[in-house]
Amino acid sequence: MTLTEKLLARASGKAFVRPGDNVWVNADTLLTHDVCGPGTIGVFKREFGQNAKVWDRKRIVIIPDHYIFTADSLSNRNVDILRAFVKEQDLPYFYDVIDDPEGHWVFDAAKGQLKRQYGSSYAGVCHTALPEKGHARPGEILFGTDSHTCMAGAFNMFATGIGNTDAAFVVGTGKLLLKVPQTMRFFLEGELPVGVMAKDIILHVIGDIGFDGATYRAMQWDGPGAFSLNMDDRMTVANMAIEAGAKNGVFAADQKTFDYVDARIKRNGTRSEYTPVDPDPESEQSFVFDKKYDLSKLEPTVAQHPDPGNRALAKALDKVKVDRAYIGSCTGGKTSDFIAFAHVVKGKKVAVDTFGVPATPLVVEELRSTSIGGDSVWSILENSGVLLTENASCAACLGGPVDTFGRMNKPMVCISATNRNFPGRMGHKESKVYLASPYTVAASALTGHITDPREYLS
Ligand code: SF4
């Protein structure tokens, strides 16, 4: 069996499953956030009863992150709905925006967008915060009310996004009926050259197979090139499986996985036992697609407007002017992403409006405490002219209310380290978003047009 088949077989109590089988899968964790949580709660109460109890209070993780730093009162109220449910059900894993369990979240626009407005438990973008807070464990099943839930496949999990109705069913029963997907294998060899990042791998692959090229399939990452990637890089790759239409993306677990997971479980005191799923011998795995990619041959890559599969090399797009650059999101707002960005912009000034949104409060801390040549990453970005906010969140990655930090409120062209660029994704429906690595976003911010970052890196 492939990794995905083994994960689903174990979670459905079967010795063997094959693609196309419909199986009842037991969930290990259900993740939700401020946008879909209230809807999920509503369906749960309607179908299971006003006084119903969740299936397992320690397996529900609620991380508000999407429409947080906005004066939109209905968005603020969504966080209050989550808090009331958490109180009613006595749920231990709620990463509230505020510290007062009896309070109400209200964003104070008068304080501006840049200064921190959250309390001590706030966790930031759910997919980055989930492993950071010790909720990612190899061999487990994660359902989340968000399409980029697939990011946790980096940790040898079956992780997939589901809708509110399915999520409500999981909240009530702890299980879900799933069709076992076929598996596509992406076998990575070689090493990434200077100036090329994990983001370029996934943009290259999606360009290869198309934005629907993996529809309802598992994307299994394999080979020495996959294991050479650190966990941040694997998260970037797994995160964008859904941009090819995939059900999930998955890596085998290795020592890097265990070191990352164990350190965060220990730091947060979360459940420590887990059993990874190891790959079966090559001859026992059946792939519907199997292709080798030589990482050493990759170059800085861009997904052009209007979809993540519209691939071009950065060096071929130097005539494309940009009005804005953006670094942030679950995909591109990790500490390592900002460090890469800082290496390009250090000592230089950006030429266009450039917004920086750390994925989590921990990333904010790490950007302040990590130095390059004696300067903190935070100060390097600020000194280069980047508008950097402490308010870690999804921000303009998905547009959001009109006062969202970095949102494009008129037709513009943006180069972005985020993961999705369908029309209207970052605000105005006539805007154009080009997806790229943090290196390429930084180089393009310096020049005002799409720029191959290798000229800034040695
Ligand atoms: S940062 Fe963007 S892609 Fe990630 S969860 Fe938020 S809106 Fe979705």
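**A look around helix 6**

In helix 6, ten residues are buried: A198, K199, D200, I201, I202, L203, V205, I206, G207 and I209. Here, buried means that 20 or more other C-beta atoms lie within 10 Å of a residue's own, exposed means 12 or fewer, and partly exposed is in between, with C-beta atoms placed from the backbone. Residues are numbered from 1 along each chain as its sequence is written. The model is predicted, so local features need pLDDT of at least 70, side-chain atom pairs count only at pLDDT 80 or more, and totals for chains, interfaces and linings use all residues.

**Helix 6**
- Helices (H or I, at least four residues) and strands (E, at least two) are DSSP runs, numbered from the N terminus.
- Because 10 of its 12 residues are buried, helix 6 is largely enclosed by the rest of the structure.
- The end C-alpha atoms of helix 6 (residues 198-209) are 17 Å apart, which agrees with the 16 Å that its 12 residues should span at 1.5 Å a residue; the expected span is 1.5 Å times one less than the number of residues.
- After helix 6 comes G210, with a positive phi near 90°.

**Strand 6 and its partner**
- Five bridges join strand 6 to strand 1 (residues 22-26) in the antiparallel sense; two strands pair if DSSP finds at least two bridges between them.
- L176 is the bridge partner of V25.

**Helix 5**
- D166 sits in helix 5 (residues 164-173).
- With 19 other C-beta atoms within 10 Å, D166 is partly exposed.
- D166 and L177 are 11 residues apart in sequence, and their C-alpha atoms are 9.1 Å apart in space.
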